[in-house]
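Here are my notes for your first read of this one. Have the viewer open and follow along point by point.

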Amino acid sequence: MLASLAVLTLLAGVLIGRLGQLQLTDHPAGDAVVAGPGTATVHLPALRGRILDRDGRPLVDNAVRTDVTIDRRTLADAEDGGRATVRRLAQALDLPFDRLWGRTTLCGAPGAADPPSCWSGSALVPVPVAEDVSARDAATLTERPELYPGVAVTTQPVRAYPRASGGGAPQTTGYLARADPQTVEESDGAITADDLVGVTGLERQYDAQLRGTPGERVVRVDGRGVAVEEVSSTDPVPGADLVTTLDLPVQRTTERALADGVREARDRGHRADTAAAVVLDLRDGGIVASASVPTYDPSVWSEGVSQREYERLTTGERSPLIDRVTGVAQPPASTFKAVTLPGAVAAGTDLDDEVNCSASHRIGDRVFNNFESRAYGWITWREALKVSCDTVFYRVAEDVWRDQGGLSARDDAGDPLIDTARDLGLGEATGIDLPAEATGRIPGRAWKREWWESTKDASCREAKRGHPEIADRTRRAYLTALAEENCESGYQFRPGDEANLSIGQGDVTATLLQMARVYGTIATDGDEPSPHLGRATVAPDGTRSRIDVADGREVELPKGAGALLRTALGDVVSAPGGTAHSAFVGFPLRQWPVAGKTGTAEVYGKQDTAWFVSWAPTSRPRYVVAVSVSQGGTGGATAAPIAREIHEELRRH
């Protein structure tokens with residue numbers, strides 16, 4: 001801790017001692033504002049606070065970069081405008097003269113170089129003409145200062161990522177960029193267009209605390225617009241450190257397990273294009289680990305990112321910047337059966353009755369098959385969950401749909417499956433302290449009509465066109481028939497919609513964090529956790545302030561549903577025939593008993609998405625571990641082994 005404070009003090013001194021060029025990456029200092037006749041004010045950003053794990057280990061830190069600046073007053077005083085000095089400087093640094101000279105010109109001024117080669121910062125501060133200079137080159141300049149009038153070697157604080165090789169949670173911590181006009185306008189003068197602000201993740205959520213309070217310098221300006229004298233100054237106040245609930249060893253293991261699991265799924269022939277994993281602490285709702293694939297090295301934001309790399313990072317559904325724990329909602333497949341079962345009890349199902357796990361179940365003119373069309377005959381509800389039988393849930397869904405009034409029902413009022421899902425927090429954000437979170441969807445009758453009204457015209461056009469651009473005749477016919485149905489009667493909430501809902505398929509979607517919270521609620525018999533990442537802030541003087549967290553709700557599960565779920569989901573992992581049993585063979589379940597549910601989501605035109613949501617120890621629930629792998633195959637073969645590796649770390653923790 002003392003070493004960290006020493007670095008903080010050093011960097012703060014660097015910031016306070018310089019006239020300008022005081023940002024956390026390679027962006028210019030704040031624009032000057034006229035403060036009186038012949039004077040101007042220069043904005044001085046504060047040193048940004050660090051982001052730490054729960055034990056104070058830095059996930060996002062501050063480091064020092066060596067830059068070379070040149071004073072604009074010296075350039076203006078030179079007979080040749082400073083060209084000779086810049087030429088010698090370019091030779092010493094082995095850099096093109098045009099590049100350095102362009103940097104000395106002010107963007108928008110007559111004869112200035114084109115952006116980004118010109119200097120877009122304040123005209124009143126030394127211009128950084130070379131960044132991230134080696135110690136050897138810096139020494140060359142300082143040894144012969146008479147050859148480089150107005151040139152200074154300065155240290156520049158930059159964001160550093162000591163855990164970039166693993167454990168840094170880059171999608172969760174987020175990154176910085178220049179403030180946009182709206183942010184500047186809404187800051188009431190606290191932020192300028194050249195300041196860095198948090199764009200995503202914790203950097204954005206806690207930007208005000210991390211950013212600190214800027215300082216300012218008032219300088220006297222001559223007729224050429226050059227600063228010639230300091231009139232007064234106010235030092236910036238460094239930002240506070242943010243202590244999170246993340247745990248570095250668990251985070252590192254989670255990232256590694258997820259990457260290994262994705263690689264192994266690909267080796268088995270699956271695309272496994274994206275994946276996510278989260279660990280939720282049931283004692284306080286803190287996120288212990290959060291990982292996404294694909295991932296990236298956040299150091300690119302400090303070291304400089306090319307246009308090509310920027311496009312790779314920010315474009316498409318596979319963007320490494322996406323937090324797939326909170327920002328992506330997708331069908332949760334059979335993990336949703338833990339939601340449907342309490343709904344079935346609310347609908348009047350007697351859990352003591354045996355149910356028929358047939359290979360298929362017909363609803364109207366449509367046949368709904370069990371997974372791999374396997375039949376188990378008459379079994380208990382406990383066994384139905386253990387083997388993940390679909391058809392028993394289809395029958396419940398059909399009965400519920402009929403009891404609601406079938407096609408004549410106008411709304412979802414009283415639908416026990418939909419009500420239970422919403423009671424468990426699905427279809428709405430968890431409220432985690434992040435700036436963006438997907439809400440997921442619990443589709444019902446009202447939603448179906450709204451969706452139809454917004455898509456009817458497009459569906460009718462596609463039905464008329466018949467998808468001629470699709471070469472596959474089978475797929476073309478299927479999509480055309482679907483478009484025709486949606487055009488004519490897409491507003492109807494059919495029994496198949498309720499059946500798909502019952503097994504987490506069709507239009508139902510949820511984030512990984514939402515399903516983790518649901519399983520945490522079941523594990524604790526109704527104590528819904530309140531997910532969060534911020535734990536405390538620590539001011540530069542060491543004052544620690546706790547971050548308030550919303551209280552979790554009490555969710556009342558129908559009588560008998562919670563107890564059956566906790567028993568049956570334990571069987572899924574520990575009992576032969578359980579869908580996750582093979583993934584935990586050899587795992588010390590006596591010392592660390594795990595309960596959970598696999599899911600294998602079918603996505604049209606893609607490979608299956610693998611899910612596994614679990615908690616442990618079952619004797620005294622402490623952690624929820626949730627994993628999903630898009631196009632990764634079955635939950636038992638792909639997601640459960642990833643969760644097992646994470647549980648190995650947790651039981652030793």
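1. Start with Val279. Leaving aside residues up to four places away in sequence, Val279 touches Val250, Thr254, Gly286, Ile287, Val288, Ala289, Tyr623, Val624, Val625, Ile646 and Leu650. A contact here means heavy atoms within 4.5 Å.

2. Some ground rules. This is a predicted model, where local features need pLDDT of at least 70 and side-chain atom pairs count only at pLDDT 80 or more, while totals for chains, interfaces and linings use all residues. Residues are numbered from 1 along each chain as its sequence is written, and side-chain values use heavy atoms, with hydrogens and water left out.

3. How confident is the predictor? The chain averages a pLDDT (confidence in each residue, from 0 to 100) of 91, and 94% of the residues score at least 70. Watch out for residues 1-36, where pLDDT stays under 50.

4. Back to Val279: it is among the residues with the most contacts inside the largest nonpolar core, which has 113 residues. Such a core is a set of buried Ala, Val, Leu, Ile, Met, Phe, Trp, Tyr and Cys residues joined through side-chain atoms within 4.5 Å; buried means under 20% relative accessible area (1.4 Å probe, protein chains only). Helix H20 (residues 512-523) gives this core its largest share, eight residues. Another core, of 26 residues, lies apart from it and includes Leu93 and Ala227.

5. Now find the open sheet. Its five strands come in the order E13-E12-E22-E21-E20, with antiparallel pairing. Helices (H or I, at least four residues) and strands (E, at least two) are DSSP runs, numbered from the N terminus, and two strands pair if DSSP finds at least two bridges between them. E13 (287-293) and E20 (595-601) are at the edges with a single partner strand each, so one side of each has no neighbour in the sheet.

6. Inside that sheet, E12 (residues 274-281) and E22 (residues 623-630) are joined by eight bridges. Ala277 has Val627 as its bridge partner in E22.

7. Finally, look at the hairpin of E9 and E10. Five residues sit between its strands, and Gly225 takes a positive phi near 80°.

Conventions: pLDDT is the predictor's confidence in each residue, from 0 to 100. Buried means under 20% relative accessible area, exposed over 50%, partly exposed in between (1.4 Å probe, protein chains only).
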